[in-house]
Amino acid sequence: MTAATAVAETLATMGPVAVAVSGGVDSMTLAHVAHKTLGRNAELFHAISPAVPREATERVRSHASANGWDLRIVDAGETDDERYLENPVNRCFFCKTNLYGYIDAHTTRQIVSGTNRDDLGDYRPGLEAAAEYAVRHPFVEAGVDKAAVRSIARELGLDDLAELPAAPCLSSRIETGIRVTPKRLSTVDVVERSLRTHLPDADRRCRIRAAGVVIEVDAHRLAEARRHHDALCDLLRSLEADGGVTFE
C-alpha cells in the first residue's frame, strides 16, 4: 500500500472533513488527497493574517481554483488576541486555538490538519490546541512522515508542492518575548521576498531579534548574501525597521 492510499483510506473513515490549509506542503498535499477522496465532503479553510506570507495565500487560491476545492478564506482573529501578540514561547497555542476555534464554530465536520509524524518529535504547542478541538491528523494516523508527504505530492503530480521548503508563519521569525506587530511581520515578509530575488535557490530567513535583524542563509551562500548588505540596510531603513543587519 502506498502512502497516498494509506492517507486516503484514513480519511475515508472520518466522514465529511474540514481541512485547515496553511499553504505549506503538508496541508496542501492533504487538501489534494482529501478532495480526491471525499469530493464535496472535504471543505478547506485557509486563514489569512499579517503572519501568513502572501505567496502562501496565492498558492492556496490557485490550487483551489484549478481543482474545484470548496475553499473558505477566513480571518481567525489571532492578531486580536493579546496572548498571541505578547509572543510567549507557546505563541502557537494561541494561534491554533483561534484557528481551530473559528473552524469549529463554522462547521460540524471533523477538523483535520497536515501534521505529520516528524512533527511529533518537536515542541509543538499547536498540537495542544488541536487536542482541545479533537483535531485529527491523517498523516500521523497513516504513519506518514515529511519525506512521505513529499512523495505523495510527487505521486499526485504536484511537483510545485513536493519541493516547497519548510515555511513556518512569519511570527516564528520574531524572537520570543518581542511583541508581534503588523509592522514587524511586514518587515519579515518584505525582506524575505527581497532575499528570494537576490538568492533564489538558497534557504533563507529574516529574523527579528533584540539586537536587530538577522539574515540566515545556507553556510555556502553566506559570502554571497553579505554582498547585498547595503541594499538590505537601505530596504530596512525604508521600512523604518529597528537595528542593523547581521548574517548567520
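Predicted model: local features only at pLDDT ≥ 70, side-chain atom pairs only at ≥ 80, totals over all residues.
Me: Which residues of α6 does α5 meet?

Reply: Helix α5 covers residues 91-106, and helix α6 covers residues 125-132. From α5, the residues taking part are C92, F93, K96, T97 and Y100. Their counterparts in α6 are P125, G126, E128, A129, A130 and E132.

Me: How many residues of that contact of α5 with α6 are nonpolar, polar and charged?

Reply: Cys, Phe, Tyr, Pro and Ala count as nonpolar, Glu and Lys as charged, and Gly as polar. Sorted that way, the contact of α5 with α6 divides into six nonpolar, two polar and three charged residues.

Me: Are α5 and α6 roughly parallel or roughly antiparallel?

Reply: The axes of α5 and α6 come within 7 Å and cross at roughly 30°. Angles under 35 degrees count as roughly parallel. The crossing is also right-handed. So α5 and α6 are roughly parallel.

Me: Turning to the sheet, which strands stand at the edges?

Reply: Four strands form an open sheet with parallel pairing, in the order β3-β2-β1-β4. Two of these strands each have a single partner, so one side of each is left without a neighbour in the sheet. Those edge strands are β3 (70-74) and β4 (110-112).

Me: What is the bridge partner of A47 in β3?

Reply: Strand β2 spans residues 42-47 and runs parallel to β3, with five bridges joining them. For A47, the partner in β3 is V74.

Methods:
Residues numbered from 1 in each chain as written. Heavy atoms only, no water. Pairing = 2+ DSSP bridges. Helix = DSSP H or I, 4+ residues; strand = E, 2+ residues; numbered from the N terminus. Axes fitted to C-alpha atoms, helices over the stretch in contact; angles between N-to-C directions. Parallel < 35°, antiparallel > 145°, perpendicular 65-115°, else oblique. Left-handed = near helix turned anticlockwise from the far one by under 90°. Contact = heavy atoms within 4.5 Å.
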